[in-house]
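Here are a few notes to read alongside the model. Keep the 3D view open while you go through them.

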Amino acid sequence: MPQGSIEAEQCWQNSHLQEFGEEVLRPKRLKLGLTQQQMAQRVGIDQSRISRIERGLGKPEDYSTARAFILHYQLSKPQQDEWLHLLFGVTVQNQADLLRGTSLFIPDPQDPSCTGYPEQNFFLEHLLTVHQDYTQRIYQVRLDGNPHLAIEMANFLSAQLRSLVHGLRSSTHQEVLLRLCAKVLFEKGTAYLETALPETVLAAVKPICAEIDEIAEALGRDAAVAGLSEMLLAGAYNINKRYDVGQRFYLQALEHVDIVDYQLRVLRGLAVSATYLHDPKRVMSVTHQARGLIERGQFSNWEQVCETLEGVGRAQGIMGSSSAYDYFDEAERIIHRNGHSPLRTLQLVVSRLEVARHIAPQDMVLLEQIGAQGMHLALERGYRRHANLIKGMLLKVLET
């Protein structure tokens, strides 16, 4: 293409991106009642980039982010077509079939109506990437201290995935999407574990576990998927202070989960339940297992290592061992090295307070300092249960 034609095409694209941003994207966001910051959290980018894209001064850097815009700005079918054409400079053939309504559609090789899709695997790969990327965004939003938004996003994505599964005839495609849906539900359940009160946590988590169990059954009683449900139930029973039941579900999950991060999470829960069941032998065994997994370095998420160190440290401290502080310090170093995490920081503060209450109950200055730090963070981020825990521990200290 001659240089003049390229420049003319670029000029056309820029002017239309500006028009699209000002006349479509911004009005859509305002109609939804969202600020740029709120939309940025949903899409998974900075607010400044939302502002630039709505003014036509920038555009999403990849296909998955473009799809996030389509989903969260609730673009109509013609608007989707125009948006993708402006961004990528091509028109996808038969988009009416590829994108049916507001739900994504994966060309299915076993569906006679889907002939003429020589790149069906290419589309499948792209659409799976979009949903996997969005699942990761849910995880990050939860970790950043926005559990309620994570729940909202998980509800949206799980509905999208179920819609896709019902539109497919290929069992292979269905299996991939069902497994992803189970992970999304697991993120949703985890967000409830982080926010629900002890008296309501089981009611919040059990329906999610039932959905995951249905998926496990649909996949031929898949043990790894069932393990996700068992982990959530175990955590809920621990929070509900029914540690014997929590321990039983954690032991079942440990036999089923095959991902190191999940194994670390289970071991952390076992350490906590064993502590309150006054089982120091199990605490030491679990601590040894967790340390071995961490030292082998086969985990994927540093934050799970922090959570496990925090839980093991809490267990050690409640049993009276000052080595608890070594675990807490190690977790803090990991947080500082990898980036701020409000949730993990708050959990560490709560555990430090509980351990200090056991090891140094007379050090009122220390207890009040830790408590004030934790209370501020809990109230700022809306972690009501953690705030109640801190308040309860401080009251017990004052009563003694």
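1. Let's start with Glu22, which sits in helix H1 (helices are DSSP runs of H or I with at least four residues, numbered from the N terminus). Bear in mind that this is a predicted model, where local features need pLDDT of at least 70, side-chain atom pairs count only at pLDDT 80 or more, and totals for chains, interfaces and linings use all residues. Residues are numbered from 1 along each chain as its sequence is written, and side-chain values use heavy atoms, leaving out hydrogens and water.

2. Now the rings. The structure has eight aromatic pairs (rings of Phe, Tyr and Trp, the last by its six-membered ring, with centres within 6.5 Å; planes under 30 degrees apart are stacked, over 60 edge-to-face, the rest tilted). One of them, Tyr243 with Tyr276, is stacked, at 4.7 Å centre to centre and 15° between the planes. Tyr243 belongs to helix H12 (residues 243-256) and Tyr276 to helix H13 (residues 260-276), so this pair ties together parts 33 residues apart in sequence.

3. What about cover for these two? Tyr243 is buried at 15% relative accessible area, while Tyr276 is partly exposed at 25%.

4. Finally, look for one aromatic cluster made by Phe20, Phe69, Tyr73 and Trp83.

Terms used. Helices (H or I, at least four residues) and strands (E, at least two) are DSSP runs, numbered from the N terminus. Buried means under 20% relative accessible area, exposed over 50%, partly exposed in between (1.4 Å probe, protein chains only).
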